[in-house]
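This report describes selected features of a predicted model. It covers a helix pair, nonpolar cores and a sheet.

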Amino acid sequence: MFSVQQSCWFIRKVICWRAAASIAWAVLLLPPTTAVFVIFSRFSIFHPVQWISECLSLLLSIGAIFSLILLCGVVIVIGFLNLEYYTVIPTIACSKIALLGQLLHPRQFFNSLVHCIMGMIVAWCCAITIGGRYETLGYSCQQRGPTHMCLNEYHLFLLLSGAFTGFSHSLLGVIHNMNYVAFHTVQQYKYLRFKGSIPLVVKCSATQALYSLRNFLIVYYFLGHMPKAWLCKTLNLEVDSSVHSLDTVGGLLDLSLLYHTWISASFLLFTWYTTLLLFRIFVTELYNFPVQISFTDDAQQCLPKVIAEKQPMILKFLALQDLALLSQHSPMRRAEVFSLSQPGGHPHNWNAISKECLWLLSDLTQRLVAHHDTVATNGRTKSLSTGSERKSSSEASVTSGDDPFSPRPAVLLKTPASVFARSMSGGPHSPLTAPFTPDLDSPFSSPSLRRLTAPVEQYSPWHGTVQSPHIFRRAPKLWSTSTDSKTNGSPPPSPAPVLSPKQESSKPGILARFLKNRREQVKNFMAKRVLVMYLFNKLPEASSQALFADSQAHIWALEGLSYLVQASYTEDQFGVVQTTLPSIFNSMLVLQEAVDRHFKLPHASSKPSRSGCTMEDCSYKTLRFALRATLKTALYRITTTFGEHLNAVQMSAEHRKKLQHFLDYKE
Amino acid sequence: MCSLALFPPPLPSGNTTLCESNNELLSGRKYEETVQVIILTAFVMSDLNERIFVRIQKCSVVLKVSCFWLLNLVLIPKWLAMSAGCVLALLKRIASFHGSLFPHVTLSSEDMITEFSQVLNWPDCVVRAFAWHPHTDKFAVALLDDSIKIYNPKSATTPTLKHRLQRSVAAVSWKPLCASALAVACHSSILVWHVDPCSLSTRPSSGCAQVLSHPGHSPVTSIVWSPSGSLLVSASPMDTAMLVWDVAAESCVPLQRVGGGGVTFLSWSPDGSHVLASTPAALFRVWETRMWTCERWPCLKGRCQSGCWSPDGSRLLFSVQGESVIYALTFSSSPGLSSNSPVTGPQAATVVADLSETTFNTQDGCIVVGGEIQCLVWDPKGERLAVLLKGDPQAADRPAMIAVFKTRTSPIFELLPCGFVQGEPGAEPRLIQFHPNFQHGALLTVCWSSGKITHVPFYFLSAGVPHFGLNGSPSLPRPQERPADFANQSLFTEMLS
């Protein structure tokens, strides 16, 4: 396959080198970080001279160099994990059960395991460096004779805390989407960006280490005796009864122990966060794609070709970013976009770019319309069929699965299956389409709706002309009237429900009534179980976030298109842009309508709470707001440039009215 | 070199400037009949009450803290108190050292805004901030009672914006390429209001406002939108970093550089390529907005008080505190061609106008005009430059005055005197701004100490439609205008190097 070759080319030649450079820098930063750690870990205010000299001698010792090499290995492994697990489209879990599914996924399990081991190695290095009572796992106890070895619980405590920190780092990484790589709106040089982020990294690692220490203390207090007993058994060590045991309140209230554990956890998190930060900075760096190349060998590397690529998402994102910036800043490259092909005189560059951008916009429009319809249809059908209070649809689907007489046994499997499918697709090479709301899997959705949304889920390219959302909106209604007249000829595209609640309500047979009663019973039963409710309740605004998860691409497409159209007013010599102007307006206005409708849904316009100090990039949570603002600005950019000339552009009366609002600055 | 001596003398008392027509400033005595005047009611009383309340609150906090300390001193051992006292003294030393380096950090936040604002005598000014919408004929006015009113000739409603956090408004600014968003620089944060132009509500709820805040970034004295409407930059004299906000995502990128001790005033060039950022020290920076690198411009005498850009972004005029001259800097106008080139510019600024004190003999006696410059504004076509001169509030014969220059950028950069703009007797100009797209020339809006806002039109034919870069604030298509014949007073000419 050609595209696979291409992606290999880009990943091999660009992304891998960038990742390697970031790891190299992280390794180079390790010695100074270790030195700072040593200074802090041996901190003593009363003997400053001794403190400094001790630190210096330690830094030059063989043991320090050995642990430094070990730490380098850890950083390299972490860097590889970053490269393996990064994604430009965040995975957003729509319910707690989906999140649980992500956490229990084998891939994630492997990640946690590696982090655990790496955490333990770093903690071992820390123990060696701090020295003193932490240095070895066993020591010879005096009371029982010289041959007896006792377990050094301080060493064990430090090791376990390192493993715990690594594990919680990996878990939090999933919950907070730490592997999501966001692109910055402000372009800066790498060094300046790194310098600007270092204070944040220090603060984050210190606070996260504090939290992790707190959690670890709780865990160790309750479960600390288990690893201790196990180690004593396997290594044939003994517990020194004269020393205070650490899994007691008195043992844990050792300030020096807490300080050392905290500083090692901070050191661990700092090195890992720095690696992550460097990786993010290097990977999101702007890449200049040539707009056109005279040699055909490299023709696949130029922007119009690359932008239409599907698979390595990072390639598509970097191409779109480049498009947005070139359309804004460089007149020479814009001229190449507007140019005509030499033999033939076709605007191939512009056609390819505008086609891809418009496809992105129409794809988003379609998703929004489908989502809106699902939500709207759910509410309506439910109120018709049961008339009961609104319930979460996924909860209802499980309920129906519990019913032995239910005609929809497939539905039970569907919800968890979709969860795992999502978490599987949430890897670095996840498709463009974000995980959809579980509403689609509910038994209340009609087959036609399924058919409507199925292409979106299966990610088939949709190249048709953009239709008004009204047409989409009408489709389920038409279907529901046709079921009443029993002339529904739509073929079931999937193992779809045979019976729909509407049909049940339309023929109130004994069986139907029985089923209904049973379902109500089970539903009520399940609703009382708090855990089930907790797990299956949809998280607010998660479906909205999931819909807009990849909207950075759409934002760039909008910016690129609008800047190019604005520039075409003065720079487009051959009028290549004019031919696409109606379709650009059309897709932008349709998208605007769909976005406006989406923001009227509950939770869609509520702002996410600001998280405090974490390394996660929360920008995916606000992408929908950014998209809305960019869309409006893009429309204004075109209307202010063209002004009254827009009256000559062909469009429907509805769109003309809308455009007039923009011309009057009333949107 | 253009100087104030070449200006026509100020009008006698009682006359006000109405407009410029046929190359001369027309004046009249009947003020209200000829010029559209908007009188604002200031809620001075409520403001006073609030201030007293704040004082009381502060006192109670001080009392509490001192009680706490006293209690602690009784309870804790002596050596601890001693060492704590030593640490406190050390901290105070450091703070005072910092204060001696940067005297402005010792000011209260109100005094700081007064010091660095573009508005003359900010604390007792009825109109504290003013902003024209970049595309339509509406404007926002921030009043002494911290409310903001939006006037629109096309609608009968004048929305009043009030918010809990909207205190000591230092600047307001409309988002370009948007009909509704208005950014407000407040004491502790930046508010971005979304005022629906079609809404009939006169009191938009505080839910319409986004709050952007960042620790250590207060008070905010200057905000500026990028001409493409995508970014907002804010500055505070207490924060050495200026923040670049992505408003929709409510996230910011701090841009920090050593030196200066804060950022006081920002101005984005109309073509979007450069940002002027002045600091409280004798230093200002010019940022290039592609990769956000900057070049430092140390001044000899004082800090940069005000600055403005020519419409094509190639020329920066600025004034320095303690000096009464206008400087100019010229930048190459095509930074986008080479993607990685740093800011390319001149090596030194040139003096283009001398505004030192000049005595005019009028019917009412001698008037001294000139001195330090409070604010510089350049009209969007690059034809008129208005300069707000501070004057001396103690001396009656040294009033604050607006001097207007004619400017010409091509073929050579020229400043020619146009005249003084004067208001009613006793009214002092406080704030000036040009309308962003006035069809028939330039429209200068002046806010006076009396609370009046007047619009002074300058009717002229543009010497040529300025060609904007791509990032330039888009202008409405204007009818073709033929070149104007300037008066043959060749007062200031500067050869382009």
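## A helix pair in chain A

In chain A, helix α12 (residues 313-329) and helix α13 (residues 331-338) have axes that come within 6 Å and cross at roughly 110°. Because angles of 65 to 115 degrees count as roughly perpendicular, α12(A) is roughly perpendicular to α13(A).

The contact involves D322(A), L326(A), S327(A), Q328(A) and H329(A) of α12(A), which meet P331(A), R333(A), R334(A) and V337(A) of α13(A). By class, three nonpolar, three polar and three charged residues make up this contact of α12(A) with α13(A).

In soluble globular proteins, nonpolar side chains tend to be buried together. In this model, the largest nonpolar core has 88 residues, and those touching the most other members are F10(A), I314(A), L323(A), W350(A), F585(A) and M588(A). A second, separate core has 55 residues, among them M118(A), C204(A), W272(A) and I281(A).

Leaving aside residues up to four places away in sequence, M588(A) is in contact with L361(A), L558(A), L561(A), L631(A), A634(A), L635(A) and I638(A).

## A five-stranded sheet in chain B

Chain B contains an open sheet of five strands in the order β1-β24-β23-β22-β21, with mixed pairing. Its edge strands are β1 (2-3) and β21 (304-309) of chain B, each of which pairs on one side only.

Within this chain, strand β23 (residues 325-330) runs antiparallel to strand β24 (residues 350-354), and four bridges join these strands of chain B. I326(B) has A353(B) in β24(B) as its bridge partner.

Methods. Residues numbered from 1 in each chain as written. Chains lettered and ligands numbered in written order. Predicted model: local features only at pLDDT ≥ 70, side-chain atom pairs only at ≥ 80, totals over all residues. Heavy atoms only, no water. Pairing = 2+ DSSP bridges. Helix = DSSP H or I, 4+ residues; strand = E, 2+ residues; numbered from the N terminus. Core = buried A, V, L, I, M, F, W, Y, C linked by side-chain atoms within 4.5 Å. Buried < 20%, exposed > 50% of the residue type's maximum accessible area, 1.4 Å probe, protein only. Contact = heavy atoms within 4.5 Å. Axes fitted to C-alpha atoms, helices over the stretch in contact; angles between N-to-C directions. Parallel < 35°, antiparallel > 145°, perpendicular 65-115°, else oblique. Nonpolar A, V, L, I, M, F, W, Y, C, P; charged D, E, K, R; others polar.
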